[in-house]
Amino acid sequence: MLAIPYLDRNGRPLAIRFRCLVDGCAHEYHGKYNSVKGDHPRMYGIASIFAAKDEIHVTEGELDRNILVKLGLPAVALPGAELWQGRFRRMLAGFNRVWMWADPDDAGSDLLNKVTRQLRQAKGIRLKQDVTDTYVAGGADAIFAALGREKEVAA
Ligand SMILES: [Zn+2]
């Protein structure tokens, strides 16, 4: 399994989640993502909260978040569409703009509704596929097109 460490702002591990790398996995003994028992839902990649200026991006999955960061967009991930927490609102409240990259499915639109109700400055990005599939299909241009921007030169 791929181990996905959840790090604090100083790079110290807070938790680890695991993702099966078997293509088309249908294992019955684990889910899509797996946490250590008793761990509570955390935001992934919170170092970006401290590195970001007035905007932050939020994805549904850890790997989606890592793609945005690689493209120079400060981003955090929720541990899943159903795991939005009230305390996440407080973590994002200081940003002027919160770009929500929800998956284009029912769970994603429920999530987007919830986040935009709780955060006035949140705005949904319209995607035809999730962030990873969008990137695989169209590269950085497809991501920046979804955001409605030209690719910015990384500072
Ligand atoms: Zn598996």
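What arrangement do the four donor atoms around the zinc ion make? The views below are of a predicted model, where local features need pLDDT of at least 70, side-chain atom pairs count only at pLDDT 80 or more, and totals for chains, interfaces and linings use all residues. Residues are numbered from 1 along each chain as its sequence is written, and side-chain values use heavy atoms, leaving out hydrogens and water.

**View 1. The zinc site.** C20 (SG), C25 (SG), H27 (ND1) and H30 (NE2) coordinate the zinc ion at 1.9 to 2.3 Å (donors are N, O and S atoms within 2.8 Å of the metal, or 3.2 Å for Na, K and Ca). The angles between donors are 97 to 116°, so the arrangement is tetrahedral (four donors, all angles between 85 and 135 degrees). Along the chain the donors follow C-x4-C-x1-H-x2-H.

View 2. C25 is partly exposed, at 31% relative accessible area. H27 is also partly exposed, at 29% (buried is under 20%, exposed over 50%, partly exposed in between; 1.4 Å probe, protein chains only).

View 3. Four strands pair in parallel, in the order 5-4-6-7 (strands are DSSP E runs of at least two residues, numbered from the N terminus; pairing takes at least two DSSP bridges). Strand 5 (75-77) and strand 7 (122-124) are the edges; each has a single partner strand, so one side of each lacks a neighbour in the sheet.

**View 4. Strands 4 and 6.** Five bridges join strand 4 (residues 55-59) to strand 6 (residues 97-101). H57 has W99 of strand 6 as its bridge partner.

Key:
Four donors count as tetrahedral if all angles lie between 85 and 135 degrees; four count as square planar and six as octahedral if opposite donors are over 155 degrees apart and all others between 65 and 115; anything else is irregular.
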